Amino acid sequence: MTDRTADTAQRPVLTLRDLTVHRGAAKILDRVNLSLGQGETLALVGESGAGKSTIAVAIMRLLGNAKVAGAIELAGEGDLLALTERQMVKLRGQRLSMIFQDAGAALNPSYTVGRQLSTTLRRTQGLSREEARERAVELFTSVGINDPEGRMSAFPHQLSGGMQQRVMVAISLAGSPDLLLADEPTSALDVTIQAQIVRLILTLTRARGASCIFVLHDLALASQSCDRIAVLYAGQVVESGPAHDVLEHHRHPYTQQLKSCVLEIGTKTLTAPEGTVPSHAQMPRGCRFATRCPRALTRCAGEAPPLVPLRANAAGPLDHHIACWNPE
Amino acid sequence: MTKPPQAPNAPVQPIFELIEVEQVFEVPKPGRPLFSRETVGLRALDGVRLSIRKGTSLAIVGESGSGKSTLLRVLLGLDKPSGGRALYRGKPIGEARARGTDFARDVAMVYQDARGSLDPRMTIGAIIAEPLRHFNIVPPEGETARIAHLLDRVGLPADAAGRFPSGLSGGQVRRVAIARALASEPSVLVADEAVSGLDVSTQAQLLTLLQSLQRDMGLTLAFITHDLGVASYLCEEIAIMYLGRIVENGPTDAVLKAPAHPYSAALRAAAPQFFEPLSRPLPGEIPSPLDLPKGCRFSTRCPAAQADCQTKDPQLGKLGSRRAVACIHPITHA
C-alpha cells in the first residue's frame, strides 16, 4: 500500500483518546488511542475478544448499556460521546456508517432490498420517492449487482451471501459517509467472493475520498488492503502504525506471535503459541500479554506499558507506536 | 503405535477408492405449483474419481456448494452414491459398514461443528469413554488411564475429564472431538473444516497437533478445508473441487506452485498473501447445480475460456505421473 502518512499526519479525521469500555466489571477496552487520516484505511487486527468490533461499535455509539469513557473525536463534530442521541442519529449513515459481518442478519428480512436502500437514501439525502429509486438502481449497479432493476424487488433471503454483502455496501455508502466501518465484511464468504467484496469496498471508498476502518482477523489480507494497522490484544492496542512498519518491522512480541501463526501457501513450519487469552476475571494487572510473552520481565506483570511513539521525533499520532517494556 | 514403513514399490491397495461416483438428490423443482410433486435431479457429485492411499494426507478444497461435504458423507458410508462405486479397502463402503464394527472403528470423523457434535449433558470423560467401551478398546479398569492419556495426547489437562463441553473454549472443544475420534484407534481420520472459524493462534495449535498425530500414528487423513494455507501446511495431496467435480488433483506443493486448472489458479490468487497486490477476483458466483452450464462447468467464470469450452465437457485426465486436471486448455507453466 502507498504510504500516505506524511501528508495526512496533520489532520486526522478520527481520533480515539483513552477510549475505555466497561461491560459490568469487565474492562473490555482499555485506554485505546488511535488516529485515522483523511482517505486512509486502517485495519484493526487481533484475536476474538481483543475488542476489535467493540471499537467499531463504540464509534457508532451502538454499545447499548456498556460504560464508555474517553473521547471519540470526529473532524467537524467534536467528541461523539458528548453528542445527544438525536444528533448521533443524524450522523449515522451520513458521516459514519457500518458494514456488519453477517449481512444476512443485518438486513431486514421483511422488506425488499430496494426498499431498504431507498429508505436510507430518502432519509440521508432527502430525496423524493422517485429520485431515491433511480439513485438506488445506480448504487446497485456500482456495487456490481446484476440486473439491478430486477433485484430492487428481491428479499434478502433470495440473494446469495456475496450479493447480500453487496447490498450492505450499497446501503452503507448511500449517505456518502466520510468514515466507513467494516466489521469482518468477508469472513462468512468464500475466498473468491471475499476478494470481490474487499476490492469493491476499497475502490468505492477511495473514489469518494472516504476513510475506512476494517475489522479483520487475517493479517495478510490487512497488509494487502490497508494503509495502517492497529494490533489489539485483550482490549488494548499493543502496536499501531503504517502497515509496512507494523508487519515488517514490528517490535511487539504479540505482533510477532500473531504474524508467525499466519499460514501462507507454502508455509511448512509453524510454531504454535502456548496458552490462551486470559479471561476478564483474571486479567493481569500490568501488561495483559505478560502471561504468554516470551520476553516478559518482572516489571511487565505489575505495570501496564503505555502506547508510545517508537521514534523520538515522531510525525504525530499516525506514526509507529508500541506498548511494551521490552520490545524486540 | 507407529506402523512399519511400506516398501516403496509394493502395489498398495488404496484405503478409499472412488470410481465415477455420482450423487444425485431429487429436489423440488423450482417454481413448481403448490401441490405438484415434480422434482429435478441435483447432481451434487458427478463422475468423481479419487483414491486415498494408506498413510497419506489429502486436502479436499473448494468453495461452498462444490460437493466437499457430500463427498465426505459418501466416504463415511452415510450416504450411498447414486452411481459409480465407492470402495474401502477394495470392498463397497456400504458392505464394509454392514459387516460389523470394523469400519466404524477404523474410520473416525471430526465434525465441522465440534460443539454441536458433543452431548452437552455428558462430561468430557464420558464422551471419550463411549467409543472405548463400544469397541472394547480397553478393559473397564484401564478406562480412566486411557482417557487421561488421550486428553494428554491432544494437549488438554487431565482434569478436563470431569468438565462439560459448555465449560470449554472453542479450541478445547475441537481437541475433545479429536480425542474422541482417536479413542477407537482408527487408521483413518476424516475431518470437515476442523480448524475453520478459530483464531490464528488456536488454529496453529490444532494444526501442529494434527500434523504430529498424523506422523506419529501413521494416520491416513482426509481433510476438508477452504483454506489453501492449511492444505499446504498439513496435506501432501490436494483435490480441488468445483460444482461436484474434482477439477485438479495431485501433490499439494506441485499443484499450488503451478496450478494447471484456471480455477485452481484463481483460488490460489484469491488467498491473501503478505503485501501482494490484491488479485483481480474471479467474476460472478458459483452457478446453481440445478442449472449447470453447458460444456465445462467453469466456463462461465473462467478467464481463459475459449469457444470449445462451452460445448465440450472436460474429463479428469492425467497430467504427468501424479497429477490430473479436468480442463481442455490447461495452464502451462514454462
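**Exercise 1.** In this predicted model, find which elements the buried residues of α12(A) pack against.

Solution. Start with the residues themselves: P253(A), Y254(A), T255(A), Q257(A) and L258(A) are the buried residues of α12(A). Next, look at what surrounds them. Within chain A, they pack against α10, β9, β10 (236-242) and α11 (243-248). From chain B, α7 (200-217) joins this list.

**Exercise 2.** Determine which residues V231(A) touches, leaving out those up to four places away in sequence.

Solution. Go through the contacts in sequence order. Now compare with Exercise 1: Y254(A), T255(A) and L258(A) are among the buried residues of α12(A).

Then place V231(A) in the nonpolar core. The largest such core has 193 residues, and V231(A) is listed with A170(A), I229(A) and V190(B) as having the most contacts inside it. Helix α6 (residues 170-183) of chain B supplies the largest share of this core, eight residues.

**Exercise 3.** Work out the strand order of the open sheet of eight strands in chain A, and find its edges.

Solution. The order is β6-β7-β8-β3-β9-β10-β12-β11, and the pairing is mixed. The edge strands, β6 (96-99) and β11 (308-309) of chain A, each pair on one side only. Inside the sheet, take the pair β3 (residues 41-45) and β9 (residues 228-233) of chain A: these strands run parallel and are joined by four bridges. Along this pair, L42(A) stands opposite R228(A) in β9(A).

**Exercise 4.** Describe how helices α8 and α9 of chain A pack.

Solution. Helix α8 (residues 161-173) and helix α9 (residues 191-208) of chain A pack at an angle of about 10 degrees, and their axes are 10 Å apart. Angles under 35 degrees count as roughly parallel, so α8(A) is roughly parallel to α9(A). From α8(A), the residues in contact are G162(A), Q165(A), V169(A) and L173(A). In α9(A) they meet I193(A), Q196(A), I197(A), L200(A), I201(A) and L204(A). Sorted by type, the residues of this contact are seven nonpolar, three polar and no charged.

**Exercise 5.** Find which helix gives the most to the side of chain A that touches chain B.

Solution. In the contact between the chains, 35 residues of chain A meet 34 residues of chain B. On the side of chain A, α9, α10 (219-225) and α12 (253-260) each supply at least two residues. Of the elements, α9(A) gives the most, with eight residues. By type, this side of chain A has 15 nonpolar, 14 polar and six charged residues.

Note on methods. Residues numbered from 1 in each chain as written. Chains lettered and ligands numbered in written order. Predicted model: local features only at pLDDT ≥ 70, side-chain atom pairs only at ≥ 80, totals over all residues. Pairing = 2+ DSSP bridges. Axes fitted to C-alpha atoms, helices over the stretch in contact; angles between N-to-C directions. Parallel < 35°, antiparallel > 145°, perpendicular 65-115°, else oblique. Contact = placed C-beta atoms within 7 Å. Nonpolar A, V, L, I, M, F, W, Y, C, P; charged D, E, K, R; others polar. Core = buried A, V, L, I, M, F, W, Y, C linked by C-beta atoms within 7 Å. Buried ≥ 20, exposed ≤ 12 C-beta atoms within 10 Å, placed from the backbone.
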